[in-house]
Amino acid sequence: MFRRWFWGALSLFLVTAALQGQSREFVLKALSQDSKWSPADKPIQYDEKNIEIIAGKRATTVKHYGFAGVTMQNWSGPNGAVRLTLYEMADASAAYGLFTLERSEHPGLTTIPVGAEGFSAGNRLLFWQSKYLVKLEGAADAAESLARSVSENIFGRSWKPPVSNHLPPENLVRGSERYIVDETSIGREFELNPQTLGFDDSVEVATADYRASGKIAHLVLLLYPTQQLAKKYEDQWASSANDRPELRKRVGPLVALVRGSRDPSIAKSILDGVNYESQVTWDQPRPDISIRQVILTIFTFIGIALLFTAVVGLSFGGLRVFVKAKYPDRVFDRPEDMEIIQLKLAQGVIHKELSE
């Protein structure tokens, strides 16, 4: 039973470590080995020093989401040639945020069921999965074929950021969701001053469009680290001259604002779906511990335990020998405390008869 538990825990540890450490190079190598696609040229690498070459003015925003690196390479397959751009982000939330930024800049897109979410617009296809954003440029059939092959070689869970999970699904305009982490991504349609939202206090922002009573309205969700910060910013809006309480709702650290419509009935229909339940999540990266270090640590603790046991045993035994030699029959094995059971094997047999 213990052996089965040990090997199960060891297998789980190895799988988790592999998923956590999956790199862009690993994804592309697996793609070339496990699919009919092959690289047509050498990959081009981008990092924080030269991300402006492919991101342009959005480079700062990309960095704010949590940027790790980009690999661009041309691939050839049975359906044609496709240019693949693989963005590696800090985590799944960062990949989702960059995906929503790209999606908002491509009108007339078509949803594609690949990865966690995907869309195509013209000769471009994009999807996000785990901590990756994948962009493909080429013929539609070829791009979709390569996209599915890439998706099959990406591991790890595709978690949306917590604030995005609080967007009400009812009457939501699909594809309008946005995850925002800096002031530059707040559009004018929200009628908000980005400097008053609390980006310096680590606020996370999610936006989406809703269709209510035949009209489109915008919902802005602001998730603050604590309830006290949320109340602080809510009080600031309440004290402003243009405040409309019916267009605002606070639930714990979550603040919801309706923009694009001043109709109280429309705002109420949207805000009624905003709820919050406290959850505790662990988002710190796992320590980079190898199997060798784990085994070495286990045997180190075993050695310490054995050494402690040996020292205690020798100390007690040595103390007893020393006291008996120095003070015989005074501390240990005193005659009055000793009871000896004698078998008297040398004594003859005594016959006893019971008289009637």
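Predicted model: local features only at pLDDT ≥ 70, side-chain atom pairs only at ≥ 80, totals over all residues.
User: Let's start with H4 and H5. How do their axes cross, and at what angle?

Analyst: The axes come within 8 Å and cross at roughly 150°. H4 covers residues 59–66 and H5 covers residues 92–104.

User: Parallel or antiparallel?

Analyst: Roughly antiparallel. The cut-off for that label is an angle over 145 degrees.

User: And which hand is the crossing?

Analyst: Right-handed, as H4 passes H5.

User: Which residues meet there?

Analyst: On the H4 side, Thr61, Val62, Tyr65 and Gly66. On the H5 side, Ala94, Gly97, Leu98 and Leu101.

User: What classes of residue are those?

Analyst: The contact of H4 with H5 has five nonpolar and three polar residues. No charged residues take part in that contact.

User: Switching to charges. How many salt bridges are in the whole structure?

Analyst: A search finds 19.

User: Where does arginine 103 come in?

Analyst: Its side chain meets that of glutamate 117 in a salt bridge, 3.4 Å from N to O. The pair links distant parts of the chain, 14 residues apart. Arginine 103 sits in helix H5, while glutamate 117 is in strand S6, residues 117–121.

User: Is arginine 103 buried or exposed?

Analyst: Buried, at 6% relative accessibility. The limit for buried is under 20%.

User: What about arginine 148?

Analyst: Arginine 148 forms a salt bridge with glutamate 144. Their closest N and O atoms are 2.9 Å apart.

User: How far apart are those two in helix H6?

Analyst: Four residues, so about one helical turn separates them. H6 runs over residues 140–152. Arginine 148 is partly exposed, with a relative accessible area of 34%. Glutamate 144 also counts as partly exposed, at 27%.

User: Now H7. Which residue does lysine 231 meet in a salt bridge?

Analyst: Aspartate 235, at 3.1 Å from N to O. Both lie in helix H7, residues 227–238. They are four residues apart, so about one helical turn lies between them.

User: And what is the accessibility of each, lysine 231 and aspartate 235?

Analyst: Lysine 231 has a relative accessible area of 42%, so it is partly exposed. Aspartate 235 is at 38% and also counts as partly exposed.

User: Last one. Which residues are linked in a network of salt bridges?

Analyst: Arg58, Glu102, Glu105 and Lys135 are linked that way.

Definitions and conventions: Residues numbered from 1 in each chain as written. Heavy atoms only, no water. Axes fitted to C-alpha atoms, helices over the stretch in contact; angles between N-to-C directions. Parallel < 35°, antiparallel > 145°, perpendicular 65-115°, else oblique. Left-handed = near helix turned anticlockwise from the far one by under 90°. Contact = heavy atoms within 4.5 Å. Nonpolar A, V, L, I, M, F, W, Y, C, P; charged D, E, K, R; others polar. Salt bridge = Lys/Arg side-chain N within 4 Å of Asp/Glu carboxyl O. Buried < 20%, exposed > 50% of the residue type's maximum accessible area, 1.4 Å probe, protein only.
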